[in-house]
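We will walk through it together, one region at a time.

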Amino acid sequence: MPELPEVETIRRQLAPALTGRRIVDVRVLDARWCEPAPPEAIEDALRGRRIESAGRRGKYLILSLEDDVHLVMHLRMTGNLLLTEDPENPPHTRVAVELDDGTRLLFVDVRRFGTGDVLLGGDALDEYFESRLGVEPLSADFTADALRALAKGRKQPVKAFLLNQERIAGVGNIYADEALFRAKLHPLRQVGSLKRPQIEALREAVVEALELGLDSKGASIDDYRHVDGERGSFQDRFLVYSRAGEQCVRCGSTIVKLRAAGRGTYICPNCQRRPRSAQPSRRVPQPRGSS
């Protein structure tokens with residue numbers, strides 16, 4: 001699933017191409033994209049309006065139009081936004097937006113998990129994200145003190161904490177693994193047990209991983225592409241993610257894959273020592289003849 005760096009890369013590419021353009025026509029080709037709203041309502045709300053800005057919140061893309069109308073899109077697992085002048089739609093096109101300069105914005109999604117919502121007014125936009133998203137990790141609000149306050153008293157594993165969008169917006173599986181490796185933290189360590197130096201290291205590691213992802217214009221492992229169809233390159237700079245069986249760049253140990261927060265997770269077992277509280281339970285031998 002595209003994470004903050006991938007979505008922000010798309011936003012930066014869309015902004016100069018879309019800002020000031022007027023939407024001539026909209027065709028929602030897959031009603032599932034905007035459920036429960038009918039496609040006709042989405043098309044009517046967007047058609048004829050000028051695009052004022054392209055924004056992002058967490059993993060969501062936001063096109064703000066005149067009259068305080070906002071189109072909020074989530075790419076989910078396999079969604080892509082493409083800019084093209086080709087009049088033909090590629091396979092799996094779910095939405096086609098015609099612009100006044102002859103270009104077309106297409107939402108292409110093989111697995112059909114991506115979504116689109118139209119929100120009327122700034123208050124509706126704020127309310128939409130208020131219950132869904134926490135602090136932006138590349139903002140000035142993401143301090144070590146803020147992270148410590150979010151983690152205080154929580155017993156959940158640190159990786160599950162990082163993946164919770166209601167706490168930190170935009171971090172997904174790839175960047176959580178990369179950040180935890182940089183911070184030398186095992187993904188199953190209870191986040192509430194982290195000491196101040198560990199919290200500070202985790203905050204720095206999250207920011208570093210995300211900024212490197214942005215610098216690389218995202219990671220193209222499966223479906224993610226730029227708006228022109230090109231690939232990101234962060235996958236070439238992974239320190240731990242998807243590197244099971246390879247040597248750790250820090251200590252030379254073998255990277256292993258395990259399960260954490262319900263996701264495939266990559267760690268160096270030497271650099272990221274497993275906490276005692278997360279050690280696998282061992283069966284105590286029973287005396288022969290006991291029940």
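This is a predicted model: local features need pLDDT of at least 70, side-chain atom pairs count only at pLDDT 80 or more; totals for chains, interfaces and linings use all residues.

Leaving aside residues up to four places away in sequence, His70 touches Ile62, Leu63, Ser64, Asp117, Val118, Leu119, Gly121, Gly122 and Leu125.

Stay on the strand for a second stop. Strand S4 covers residues 69-74, and Met73 belongs to it too. Is Met73 buried or exposed? With a relative accessibility of 4%, Met73 counts as buried. Its contacts, again without residues up to four places away in sequence, are Trp33, Lys59, Tyr60, Leu61, Leu63, Leu81, Phe107, Thr115 and Gly116.

Now zoom out to the whole protein. Its secondary structure consists of 7 helices and 10 strands, and the C-alpha trace spans about 75 × 45 × 35 Å along its principal axes. Of the 291 residues, 49% are buried. Among contacts with a separation of 6 or more, 64% link residues 24 or more positions apart.

Next come the helices. Two packed helices are described by the angle between their axes and the distance between the axes. Take helix H1 (residues 4-18) and helix H7 (residues 196-215): they pack at an angle of about 40 degrees, and their axes are 8 Å apart. That angle makes H1 oblique to H7, and the crossing is right-handed. On the H1 side the contact involves Leu4, Pro5, Glu8, Thr9 and Arg12, which meet Leu210, Gly213 and Leu214 of H7. By type, the residues of this contact divide into 4 nonpolar, 2 polar and 2 charged.

Helix H7 has another partner to show you. The axes of helix H6 (residues 173-183) and H7 come within 8 Å and cross at roughly 130 degrees. H6 is therefore oblique to H7, and this crossing is right-handed. From H6, the contact uses Tyr175, Glu178, Ala179, Leu180, Arg182 and Ala183; from H7, it uses Ala201, Leu202, Ala205, Val206, Glu208, Ala209, Leu210, Leu212 and Gly213. The residues of the H6 contact with H7 divide into 11 nonpolar, 1 polar and 3 charged.

Let us finish with some backbone details in the loops. Lys184 lies in the loop between H6 and H7, and its phi is near 60 degrees, a positive value in a residue other than glycine. In the loop between H7 and strand S9 (256-260) you will find Lys217. Lys217 likewise is not a glycine, yet has a positive phi of about 60 degrees. Its relative accessibility is 46%, so Lys217 counts as partly exposed.

Which two residues does a cis peptide bond join? They are Glu35 and Pro36, with omega at about 5 degrees. Pro36 can be found in the loop between strand S1 (23-28) and helix H2 (39-46).

Conventions:
Residues are numbered from 1 along each chain as its sequence is written. Side-chain values use heavy atoms; hydrogens and water are left out. Helices (H or I, at least four residues) and strands (E, at least two) are DSSP runs, numbered from the N terminus. Buried means under 20% relative accessible area, exposed over 50%, partly exposed in between (1.4 Å probe, protein chains only). Contact means heavy atoms within 4.5 Å. Axes are lines fitted to C-alpha atoms, for helices over the stretch in contact, and angles run from 0 to 180 degrees between N-to-C directions. Angles under 35 degrees count as roughly parallel, over 145 as roughly antiparallel, 65 to 115 as roughly perpendicular and the rest as oblique. A crossing is left-handed if the near helix is turned anticlockwise from the far one by less than a right angle, and right-handed if clockwise. Ala, Val, Leu, Ile, Met, Phe, Trp, Tyr, Cys and Pro count as nonpolar, Asp, Glu, Lys and Arg as charged, and the others, Gly among them, as polar.
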